[in-house]
Each structure stands twice: as structure tokens, then as C-alpha cells.
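This briefing is for a reader who is new to the structure shown below. Please look through the sequence and the model before going on to the points that follow.

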Amino acid sequence: MTISKNKVVALSYELEVEGQIADKAGSDKPLDYIHGTGMLLPRFEEELEGKQEGDGFDFILSAGEGYGEYHPEYKFDIPKESFAGQDGRIREDLLQVGLIIPMLNTSGQVVQGKIAAIKEDSVTMDFNHPMAGKTLHFTGKVESVREATEKELTEGLHGEFVPREGCGGCHGKCHGECDGECDCEGEGNCHDEGEGNCEGGCKCHKE
């Protein structure tokens, strides 16, 4: 059976970025997804189209084909008050350089931001995707290919298409397993955040 739309595909792979292994999945716990439903990078799926169980793959995606170019304007300062909890106190436990925090932008969408620096009255947040501007080198093997069931096509392989209470469903683009940070405000992508449309109006999403 070949990889095509609506097939359930399981992959073992390694992702090399700048000479380092940035992500991987072994044959004992492969990455699985429903092909053609937008859960992975479009160019990633194109490279796998037509392959069969047991086939290997080795390809490189440019930044434009991956998570986009790095945009300096997506990095800016946010007042520390934005990190206050319900009691009005600033969440000092969240203020650690390198920590990735889900936040709400002015449109009510969840965006993932990384703390780049902590200042006296503000925090510098970087809303670029961690892989923005990076060349991605994927190698791996197709572990299995099968038809998706009707239930899987409706609800998702791991229930990712099922609407959560108070929202219309989290149809995020996940490169690996979704960690559940997406709360479905707006489109709420899981591994494809960093759209850079925060416009200084963010507030902490973990309160």
C-alpha cells in the first residue's frame, strides 16, 4: 500500500538541524498521522507521497518549505504585568529565559512565545517558531501504511479533530505529538505557532 490521502502512516525518523539531531522517533514509537489532512508540513508530506512500507527517505527542506524565515519584528517587549495571575501577582515562576509560554494575542488566538530576555519592567518575547530560518534534514523509514477508519477521519487519529468544550476544534499542524497546550482559541496550531501577530497585546495564557 502506498502513501496517499487519508492513509494512516507511521514513520521512524531523525531531524538534523545545523549538524545536531533536533528531533527523532524510533520504530518502537513512530510518528503516526493521517496523510493529506494538514497535520504535517506540506512539503514533508509531498516528499512521502507514493512511498510504501519499508521505504527509506532522505530529504532537505529549506526554511521557506519548513517553518518560514526568521522575522526580527516577531520579537518584542511585553509589560511584566501581562504575566500576572488571577491574584494580580506576577508569575515569577514563568519568567525564565528559554521557557516557551502559550499566550493570547489581540485576536484571542493562542501563540507560542519564547522568553528571550527579562528586564526590570518588561519581558522580551520571541514569537518566531523555534525552527524559523532553519534548514531541515529528514532521514527515516516508512514503518507502516494502512487505510484510515471512518472514525479516525472524523475524529482524528488521536482525537485531534474532536471539538473541545467552548471551541471549534484544534486542527493544528503537529510535526510530532501534540502536547495539549493548544486551547483552540482561533486556529491554535500546536507546532506551527509564531505567527507574529501579537502586536503587543498578549497576556499570559497560563494563569
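This is a predicted model: local features need pLDDT of at least 70, side-chain atom pairs count only at pLDDT 80 or more; totals for chains, interfaces and linings use all residues.

Asp32 counts as partly exposed, because its relative accessibility is 23%, and the cut-off for buried is under 20%. The residue belongs to strand β3.

- The side chain of Asp32 makes a polar contact with the side chain of His158, at 2.9 Å.
- Asp32 and Leu157 are separated by 125 residues in sequence, yet their C-alpha atoms are 8.2 Å apart in space.
- Glu160 is found in the loop that runs between α2 (150-155) and β10 (203-204).
- Glu160 counts as buried because its relative accessibility is 18%, and the cut-off for that class is under 20%.
- The side chain of Glu160 reaches the backbone nitrogen of His158 at 2.7 Å.
- A polar atom of the Glu160 side chain also lies 3.2 Å from the backbone nitrogen of Leu157.

**Overall fold**

- The chain has two helices and 10 strands.
- Along the sequence, these elements follow the order β-β-β-α-β-β-β-β-β-β-α-β.
- Of the 207 residues in the chain, 42% are buried.
- Among contacts with a separation of 6 or more, 65% are between residues 24 or more positions apart.

**Nonpolar cores**

- The largest nonpolar core has 22 residues, and those with the most contacts inside it are Leu11, Phe44, Leu48, Phe57, Leu136 and Phe138.
- Two or more residues of this core come from each of β1 (7-17), β3 (31-34), α1 (42-48), β4 (56-61) and β9 (136-147).
- Strand β1 gives the most to this core, with five residues.
- A second, separate core has 13 residues, including Tyr74, Ile78, Ile115 and Met125.

**Aromatic rings**

- The whole structure contains seven aromatic pairs.
- One of them is the edge-to-face pair of Phe44 and Phe138, with 4.7 Å from centre to centre and 80 degrees between the planes.
- This pair links distant parts of the chain, since Phe44 is in helix α1 and Phe138 is in strand β9, 94 residues apart.
- Phe44 is buried, at a relative accessible area of 0%, and Phe138 also counts as buried, at 0% relative accessibility.
- Phe57 and Phe59 form a tilted pair, with 5.8 Å from centre to centre and 35 degrees between the planes.
- Phe57 and Phe59 are both buried.
- Ring pairs join Tyr13, Phe44, Phe57, Phe59 and Phe138 into a cluster.
- Three members of this cluster, Phe44, Phe57 and Phe138, are also listed among the residues with the most contacts inside the largest core.

**Salt bridges**

- The structure has eight salt bridges.
- Arg43 forms one of them with Glu47, where the closest N and O atoms are 2.9 Å apart.
- Arg43 and Glu47 are four residues apart in helix α1, so about one helical turn separates them.
- Arg43 is partly exposed at 22% relative accessibility, and Glu47 is partly exposed at 27%.
- Arg43 also meets the side chain of Glu65 in a salt bridge, at 3.2 Å from N to O.
- Because Glu65 lies in the loop between β4 and β5 (75-79) and Arg43 in helix α1, this bridge ties together parts that are 22 residues apart in sequence.
- Glu65 is partly exposed, with a relative accessible area of 28%.
- Together with Glu46, the residues Arg43, Glu47 and Glu65 are linked in a network of salt bridges.
- Elsewhere, Arg146 forms a salt bridge with Glu152, and the closest N and O atoms are 2.8 Å apart.
- Arg146 is partly exposed, with a relative accessible area of 36%, whereas Glu152 is buried, with 14%.

Notes
Residues are numbered from 1 along each chain as its sequence is written. Side-chain values use heavy atoms; hydrogens and water are left out. Buried means under 20% relative accessible area, exposed over 50%, partly exposed in between (1.4 Å probe, protein chains only). Contact means heavy atoms within 4.5 Å. A nonpolar core is a set of buried Ala, Val, Leu, Ile, Met, Phe, Trp, Tyr and Cys residues joined through side-chain atoms within 4.5 Å. A polar contact is a pair of N or O atoms within 3.5 Å; within protein, one must be able to donate a hydrogen and the other to accept it, and residues adjacent in sequence count only if both atoms are side-chain atoms. Rings of Phe, Tyr and Trp (its six-membered ring) pair if their centres lie within 6.5 Å; planes under 30 degrees apart count as stacked, over 60 as edge-to-face and the rest as tilted. A salt bridge is a side-chain nitrogen of Lys or Arg within 4 Å of a carboxyl oxygen of Asp or Glu.
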